[in-house]
Amino acid sequence: MPCECCKITNDQFGKDTAEADLKEYRRKGPAKQTRLILEAVRSLNLKDASLLDVGGGIGAIYHELMKDMVSHATHVDASSAYLTAAKQETERRGNAEKVNFIHADFTDVAETIPQADVVTLDRVVCCYPDYKSLLKAAASRSSRALVMAYPRENGLSRFVITVMDWFLKISRNPFRVFVHPVAEMNALLRAEGLQRKSLSRLFVWEVALYQRS
Ligand SMILES: C[S@@+](CC[C@H](N)C(=O)[O-])C[C@H]1O[C@@H](n2cnc3c(N)ncnc32)[C@H](O)[C@@H]1O
């Protein structure tokens with residue numbers, strides 16, 4: 001984990017957060033925006049697909065998709081605590097042989113990772129300042145589709161995230177959350193050969209499905 005940005009992310013998503021998220025997932029299943037991602041991926045009607053989950057947290061996306069659609073997943077995460085929790089759940093489900101775990105800043109290792117049918121980023125771009133490098137790297141690893149959840153670009157999400165960043169700042173926490181420009185993310189992915197096929201919205205989150213033309 002060489003870069004400062006990754007150290008900050010690793011520290012932000014520590015053991016307590018990872019354990020709490022895993023407990024929540026076991027109790028209630030996937031979060032709302034994750035369910036929209038799952039719906040979008042399932043709409044592709046793939047079989048035995050490969051998945052690359054960038055910043056997958058406790059791994060909810062592949063835990064679910066391995067029930068019916070995905071036969072192999074790679075999980076790249078800047079948080080070692082999340083990877084530990086994700087591994088634990090993967091083993092509990094008997095899928096240990098089917099998931100490759102990588103602790104890294106995805107932008108540093110993307111070129112070494114094989115392409116996958118589907119790349120997912122669930123609430124990840126908003127944790128990374130350089131969304132252009134992150135999305136370019138993610139697009140380069142996707143052979144069919146990319147699905148991501150990110151904050152809606154509206155007054156409410158800007159307000160919520162400004163307040164969150166203010167609290168982080170006054171508590172001297174260097175981690176920040178970002179509302180990146182949706183039109184620019186869309187244009188970047190289009191330039192990488194991915195067309196937006198669907199868009200669903202929650203109160204704060206937006207989920208977009210992109211497919212290779
Ligand atoms: C808000 S959490 C979301 C976790 C999970 N996807 C979810 O929705 O519950 C953000 C995740 O992105 C990861 N992350 C952020 N930037 C990353 C990067 N450049 N490379 C790899 N992982 C990254 C963090 O470590 C963390 O797991």
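Predicted model: local features only at pLDDT ≥ 70, side-chain atom pairs only at ≥ 80, totals over all residues.
Residues are numbered from 1 along each chain as its sequence is written, and side-chain values use heavy atoms, without hydrogens or water. Local features need pLDDT of at least 70 and side-chain atom pairs count only at pLDDT 80 or more, whereas totals for chains, interfaces and linings use all residues.

The ligand is surrounded by 18 residues, each with a heavy atom within 4 Å of it. The closest are Gly55, Asp77, Phe106, Asp122 and Arg123. The shell comprises eight nonpolar, six polar and four charged residues. In this scheme Asp, Glu, Lys and Arg are charged; Ala, Val, Leu, Ile, Met, Phe, Trp, Tyr, Cys and Pro are nonpolar; the others, Gly among them, are polar.

Polar contacts are pairs of N or O atoms within 3.5 Å. A polar side-chain atom of Asp77 lies 2.6 Å from a ligand oxygen. Arg123 also places a polar side-chain atom 2.9 Å from an oxygen atom of the ligand. Phe106 uses its backbone: an N or O atom there is 2.9 Å from a ligand nitrogen. Taken alone, the ligand exposes 590 Å², and the protein buries 93% of that (Shrake-Rupley method, 1.4 Å probe).

The whole structure contains zero disulfides, defined as cysteine sulfur pairs within 2.5 Å. The sulfur of Cys126 has its closest cysteine sulfur in Cys127, at 4.5 Å, and is therefore too far away for a bond.

Conventions: Polar contact = N/O pair within 3.5 Å; in protein donor to acceptor, adjacent residues only side chain to side chain.
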